[in-house]
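Visitor: I'd like to learn how to read packing in a model like this one. Could you walk me through a few features?

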Amino acid sequence: MNSLFILPCHIFDMTYSRDTTAISEITGQAVNTWSEEWQHECEARAVLKMSKEERDRFFNGKKDADGKTIDRGVISIRGLKSAEQIRTTVERMQVARG
């Protein structure tokens, strides 16, 4: 085997695990960082960092002056149910933050 093509993780004897956990900001409990629950929480954190304008664009997309779609939003891409789930998670995080 050509040593130039050995992945760095093998050189330093690093391991790869899906058993990583973090503390949920919403529940205060450990959650697997590969879970959908963690994915939703991370997405909610990102939405909370957005300005009102950025959130509107994230959910609804953006159209030009002629009404032509420039960017599709979450509602268009993933559906209304998914957008509502994100909003619910955002609200839960806001409550948890006080």
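**Reading the packing**

Guide: Let's start with Phe59, which counts as buried at 5% relative accessibility. Buried means under 20% relative accessible area, exposed over 50%, and partly exposed in between, using a 1.4 Å probe and protein chains only. This is a predicted model, where local features need pLDDT of at least 70 and side-chain atom pairs count only at pLDDT 80 or more, while totals for chains, interfaces and linings use all residues. Residues are numbered from 1 along each chain as its sequence is written, and side-chain values use heavy atoms, with hydrogens and water left out.

Visitor: Where is Phe59 placed, and what does Phe59 touch?

Guide: Helices are DSSP runs of H or I, at least four residues long, and strands are E runs of at least two, numbered from the N terminus. Contact means heavy atoms within 4.5 Å. Phe59 sits in helix α3. Not counting residues up to four places away in sequence, Phe59 touches Val47, Gly73, Val74, Ile75, Ala83, Ile86 and Arg87.

Visitor: Which residues make up the largest nonpolar core?

Guide: A nonpolar core is a set of buried Ala, Val, Leu, Ile, Met, Phe, Trp, Tyr and Cys residues joined through side-chain atoms within 4.5 Å. Here the largest has 10 residues: Ile26, Ala44, Val47, Leu48, Phe59, Val74, Ala83, Ile86, Val90 and Met93. Helix α5 gives the most to this core, with four residues. As for Val74, its contacts beyond four places in sequence are Phe58, Phe59, Gly79, Ala83 and Ile86.

Visitor: How do I read the crossing of α3 and α5?

Guide: Axes are lines fitted to C-alpha atoms, for helices over the stretch in contact, and angles run from 0 to 180 degrees between N-to-C directions. The axes of α3 (residues 52–60) and α5 (residues 80–97) come within 11 Å and cross at roughly 150°. Arg55, Phe58 and Phe59 of α3 make the contact with Ala83, Ile86, Arg87 and Gln94 of α5.

Visitor: Is Glu43 buried or exposed?

Guide: Glu43, found in helix α2 (residues 36–49), has a relative accessible area of 15%, so Glu43 is buried. Its contacts beyond four places in sequence are Phe58, Arg78 and Ile86.

Visitor: What joins the side chains of Glu43 and Arg78?

Guide: A polar contact is a pair of N or O atoms within 3.5 Å; within protein, one must be able to donate a hydrogen and the other to accept it, and residues adjacent in sequence count only if both atoms are side-chain atoms. The side chains of Glu43 and Arg78 are joined by one of 2.9 Å.
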